[in-house]
Amino acid sequence: MLKLMTGMNLRDRGAAYWERSPKWRRVALAISFIAFFYALPFLNNPLINTPGSDFQSVLFYPVGMYVLMAVGLNIVVGKSGLLDLGYVAFFAIGAYTMAILGTKTSLNFWEILPIGVGLAMLSGVLLGSPTLRLRGDYLAIVTLGFGEIVRIFAVNTDAIGGARGIAGVPTPPDLFNAKFTILDPKPYYWLLLTFTLLIIWVVRRMAARRPGRAWDAIRQDDDVAQLMGINTRKYKVWAFVLGAAVAGVGGVIYASQIMSIVPDQFNLNISILILACVVFGGIGNLWGVILGAVLLAFTPERIRFLSQPRILVFGIALVVMMNLRPDGILPKKKREHFDPNWDKVEESGEGAIK
Amino acid sequence: MKKNRVLAVVAAVAMATSSFVAFAPSASAACSSKLKIAYQGPLTGPEAALGINELNGVKFALKKFLAANKSANVDPVVYEVDDQGDPAVAGPIAPKVAAEECVVALVGPAYSGASRVSLPIYEAAMLPIITPSATNPTLWDFGKTVFHRAVLTDDYQGPALARLVTSRVKNAKVFLVNDATDYSVGLAKTVDITLAGRLVGKDTTPQGTTDFTATIAKIKKAKATAVIYTGYFSQAAVFVKQLRDSGSKAVFAAGDGVLDAQFVKLARKAAEGVLLSAPAIPMETASPKLAAEMVKAGWTPGVYTTESYDAANFFLEAIKAGNTTRASIEKYVSTKSHKGLSKTLKFDDKGEVSGADVNGFTIKNGKIVLLGAIKA
Amino acid sequence: MDFALLRDAFWGLTFDGIALGAIYALISLGYTLVYGVLRLINFAHSEVFMIGTFASLVTATGLMGVNIDDDPRTGASMIFTLLVCLVIAMLASAITAVLVEIVAYRRLRQRGATKLATLISAIGVSISLVELFRIITDSLPREFPRIMDKTFLFSFAGADIRNDKVMVIIAAGLMMFALERFITKSRLGKGIRAVSMDENTSTLMGVNINRVITVTFFAGGLMAGAAAFFYILVYENTSFKVGFFLGISAFTAAVLGGIGNLKGALFGGFALGLMETWTSAVFGTAWKAVISFVILVLVLLIKPTGLFGESIQQARV
């Protein structure tokens, strides 16, 4: 019945079409696809409008931001199989770096960005090095603890604003005539979109090369990977650090848009939500993860008209979804086994029980 | 093959450009229907009681105004903005409010944290606001033009609360507790300064604390005779109950965050004798006649109803004087003065008012009773 | 950092810490039981607890007709009221736990879904229950009437020993003892231990897996329900989000003791209750949660399987 629902899995269909297409078609598709996303803020369709909150704001946060973070977390959880329940901590570190340096020094957004990312990556190393040898659930608990520690530390430390947070974070300087003001989320959205595309490109490149294969091996069986001579510790930390960097980028951009941050915004719920995006969409599968993020970020906003029960509906939807499609909407398909002649497979008699 | 290629490229380009064209650009026209007064505050969630009290004040003002000015071009329905008193909720909602062309004035936001987040947006959109209850003194920094406040700040409430306690408790030894929120820390700071030598200890109990054992141990060790808590009512109720259960007879006092009927309901016997301060005046005291009239209209006045009533009326007066745009209404309220029930609203260059009292309250026999203005 | 306070109020703080620890221990038993059998962190367990508090409340004010402003009851009437509330709280939590298993986990378990999928399902249930109660209570906290008068029984080295906390400690101890008897002596208990050791072999040996799992959730729910009643008896207050904070602490306790190990859960619960009370005296209440997490992280780094490290199958309770 499930096979009927998606026929030969939507993702495989898409992948097949892509493989079949000559270069020019691929380029055309890619361009129109990307152009569509850049044009998204101008979309004014009642079907996808978000009553109660500003559509363009929503596109930036939570939709765009969750997509970015889901892509980042996917590297850690999806590709490498490391269960991280404290991902929001890296997001917070990026945001706080922007807030503190932005308000206390005269550095601008572009100068602070690498610092924020660097600090997030450093935290990734500091957190990852001692803990990544723990297995599964224990790693989850430790990362959850780390996420909460960062938040509570921020709440209790008056030097970085305490529970009141930091306000008056400066916006990025004008870029190509685009003004970054609090009223107009569009330039922020485009900035975020550009970074997201960049990161997707980087991740795909890495996934195809040695790091990607190492992560795959680690995810499938850590012990065997070690036996095969892969330095699992190094690659695990890489994955962690890369994921942290992505969240750091998101945090810096977020703080400069919203102009004031409170530590309670960076709570466990966000870590869980991003994880849900990854699992929901299809662990490991980049497009699935993006789709999952879009759905999970967008739907509560879209059903804001339900107002009171909308989070309840969301929770129920999570349960239903996981029970019906536990592998996610677009589950991961091992690329190495993909056969461009998939529609001719039946003749070879592969897999038949003889 | 060549034909296919050309076709596909054309299709791709067409799709790309149509993305920009086919989507209707969001229009930003001037208001074509009635002018709207907005109210922002907690309308759902645990703090909703306060929001609803203030909203009713606005509704009552609007109703009376329209009854007296039948031809006014003002929407009889208040534009409600529910921020649940939470800055995280207020942030995403504010741009939408700012984009609503017909909203020309906003009473609120009710809470300091939400105000801090919303103000930069309203400032950029030139939407004038008068908050009836956000008491954090630093708010003007975030919206230098549009910010106005119809109450005294915690710079006044803090010292008043301290004086309320020291005047009623002889040789008071005071222990000060805050809950790490914006409002609480700010209020605690000003209380602290006024208490000076009378302060015997401090603690912070973040929101979500259910077990006050350690704090109470500290209070007992310091032999405090009074406890001032600058947080909100739901946690205050838990705190005061545990305090009483531990055998402590220290007087319990708090600020306007605890001034709520729910506090009495939750703390029951432990609420007896609790001292509260608020820069608000009950409508029954300010004008018994209007209070009765409001009840008849279907709304019961509560805390800060009077202040929000005054704020709404000031805006309506501006509209009546012929101002129909945000900028002109802003100019009106910034320069003129309005004789309200709670005080005369004349905003200085930082949007603050003067000439009012902080009032003291106590709880007697399960009811909140006004003690009167706290003397300087 | 106020070590002087810890020294001066030590016995009082310790007593309160033990009472709090008793509640944590009962809740963490639920986490550990389910983990031992399913290798699953039951995220929804905190809501099982929360529902127990509301069940106590509704029973007291509804069924037993106690009004909020009533004077405390005495004698037989008091004991009867308390017992009824306790039993109904335990049953309500237990039934909720079983329902959670059937709705959220069973299907995924039978299809061999990944751990992550089950985790997300658990989180979905947790979110749904919290939201449901948030809507029902209009986000407002609720108070519990005082059925038993709180008096100080005696003073011990400066500590005021209060009757309700003593009762909680004793009753919790009895519950834990009963559970231990059940796990080691009864047939179902043996089944639970068998499944936690090796699910496949257990099935082959004729153990009814579904029944064992249902019983496991039921037992964990009973303990959480008892904890819920004790909690609301002592603190006289509950809200839709009470599960979250206590759940995280109890979960930390279970891991601290060694998740999957019953004795570990008990020890972890009391240890955490004490640690939280002591550290909030020294560092201030605000840092309580951080200290607990830091301790947790340290334990996991040094001895990841927790202080007791053995699993439930060894049945060394």
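**Close-up 1. The loop of chain B that holds B:Pro109.** In this predicted model, B:Pro109 sits in the loop that runs between strand E3 (103-107) and helix H4 (112-124) of chain B, where helices (H or I, at least four residues) and strands (E, at least two) are DSSP runs numbered from the N terminus. The peptide bond that leads from B:Gly108 to B:Pro109 is cis, and its omega is near -10°. Residues are numbered from 1 along each chain as its sequence is written, and chains are lettered from A in the order in which they are written. Because the model is predicted, local features need pLDDT of at least 70, side-chain atom pairs count only at pLDDT 80 or more, and totals for chains, interfaces and linings use all residues.

**Close-up 2. Positive phi at B:Asn171.** Although B:Asn171 is not a glycine, it has a positive phi of about 45°, and its place is the loop between helix H5 (154-168) and strand E6 (174-178) of chain B. B:Asn171 is exposed, with 7 other C-beta atoms within 10 Å; a residue counts as exposed if 12 or fewer other C-beta atoms, placed from the backbone, lie within 10 Å of its own, as buried if there are 20 or more, and as partly exposed in between.

**Close-up 3. Positive phi at B:Tyr304.** B:Tyr304, which is not a glycine either, has a positive phi of about 70° and lies in the loop between helix H11 (288-297) and helix H12 (305-320) of chain B. B:Tyr304 is buried, with 30 other C-beta atoms within 10 Å.
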